[in-house]
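Here's a walk through one protein model, from the inside of the fold out to its loops. Have the viewer open while you read.

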Amino acid sequence: GLKESLAAYGIGFAKLSREDYSGAIPYLKESCNLDSNYVPAHYNLAYALMQLQRKNEAIFWAKKAFQLYEDSLFKADAARMIALSYKELDSLEPALLYYRLSDSLAPNNYYSLKSLLQLEANLDSTAFVDTRLRFFQLGTDKAPIYQDLLLLHRAYGWDESLLLFFQEQL
């Protein structure tokens, strides 16, 4: 029942917080099996699996969490986890889809936009220009934005493009 599900989750979460990912998994799975609607168990199970490089399993449980979450910020976080797992599996199109979904649920999140920008550059997406502007506008007073843009453009040999972009912002 509910009491057992929460107890199993508590043990799993405690192990997770000590970075004992392998030890957390059985308890988090048990919590999911005992209460299939307890979203934190699904999400944290996906997280533990991701830490152990078990990406396909992580995607499965993160998608369950995504379906169950009602709050848009939590849904966006689950979508970002799904996207990252796909990206690490070199499945770039699904990764792009879930980063865009995360961005639509929680616009202007630094981590979503940075990853989205990197994928769009990699896939030569026409959306890159708009995403770059949105990323830049997150915080022109924040040095990491400039460094991220510089590193990304340099990786593709687009130094001149970045200079033109900055000039357009004057």
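A residue counts as buried when its relative accessible area is under 20%. Asparagine 44 comes in at 11% relative accessibility, so asparagine 44 is buried. Keep in mind that this is a predicted model, so every value here is computed from predicted coordinates.

**The overall picture**

The chain has 10 helices and zero strands. Going along the sequence, the pattern reads α-α-α-α-α-α-α-α-α-α. The C-alpha trace spans about 60 × 25 × 25 Å along its principal axes. Of the 170 residues in the chain, 42% are buried. If you take the contacts between residues at least 6 apart in sequence, 48% of them join residues at least 24 apart.

**The core**

The largest nonpolar core holds 46 residues, and Leu45, Ile82 and Leu149 touch the most other members. Helix H3, residues 39–51, gives the most to this core, with eight residues.

Take isoleucine 82 and skip its neighbours within four places in sequence: what is isoleucine 82 in contact with? The list is Ile59, Ala62, Lys63, Phe66 and Tyr98. Tyr98 turns up again in the packing of H5 against H6, where both Ile82 and Tyr98 are listed.

| Helix pair | Axes come within | Crossing angle (roughly) |
|---|---|---|
| H5 and H6 | 8 Å | 165 degrees |
| H2 and H3 | 9 Å | 150 degrees |

Why does H5 count as roughly antiparallel to H6? Their axes cross at roughly 165 degrees, and an angle over 145 degrees counts as roughly antiparallel. That makes H5 roughly antiparallel to H6. H5 passes H6 in a left-handed crossing. On the H5 side, the residues that meet H6 include Ser72, Ala76, Ala79, Ile82, Ala83 and Tyr86. On the H6 side, the partners include Leu92, Pro94, Tyr98, Tyr99 and Leu105.

The H2 and H3 axes cross at roughly 150 degrees, and H2 and H3 are therefore roughly antiparallel to each other. The crossing of H2 and H3 is left-handed. H2 brings Tyr21, Ile25, Leu28, Lys29, Ser31 and Cys32 to the meeting. Among the H3 residues they meet are His42, Asn44, Leu45 and Tyr47.

Leaving aside neighbours within four places in sequence, asparagine 44 is in contact with Tyr9, Phe13, Leu16 and Leu28. Leu28 is also one of the H2 residues that meet H3.

Threonine 131 is found in helix H8, residues 128–137. At 4% relative accessibility, threonine 131 counts as buried. Not counting residues up to four places away in sequence, threonine 131 touches Leu113, Leu116, Leu117 and Glu120. With which side chain does threonine 131 make a polar contact of 2.6 Å? The partner is the side chain of glutamate 120.

Serine 115 belongs to helix H7. With 13% relative accessibility, serine 115 is buried. Its C-alpha atom is 7.3 Å from that of tyrosine 99, although serine 115 and tyrosine 99 are 16 residues apart along the chain.

**Two loop residues with positive phi**

Most residues other than glycine have a negative phi. Now look at glutamate 19, where phi is near 65 degrees, a positive value in a residue other than glycine. Glutamate 19 lies in the loop between helix H1 (2–17) and helix H2 (21–34). Is glutamate 19 buried or exposed? At 58% relative accessibility, glutamate 19 counts as exposed.

Asparagine 108 also has a positive phi, near 65 degrees. Look for asparagine 108 in the loop between helix H6 (92–105) and helix H7 (110–122). Its relative accessible area is 42%, so asparagine 108 is partly exposed.

Key: Residues numbered from 1 in each chain as written. Predicted model: local features only at pLDDT ≥ 70, side-chain atom pairs only at ≥ 80, totals over all residues. Heavy atoms only, no water. Helix = DSSP H or I, 4+ residues; strand = E, 2+ residues; numbered from the N terminus. Buried < 20%, exposed > 50% of the residue type's maximum accessible area, 1.4 Å probe, protein only. Polar contact = N/O pair within 3.5 Å; in protein donor to acceptor, adjacent residues only side chain to side chain. Contact = heavy atoms within 4.5 Å. Core = buried A, V, L, I, M, F, W, Y, C linked by side-chain atoms within 4.5 Å. Axes fitted to C-alpha atoms, helices over the stretch in contact; angles between N-to-C directions. Parallel < 35°, antiparallel > 145°, perpendicular 65-115°, else oblique. Left-handed = near helix turned anticlockwise from the far one by under 90°.
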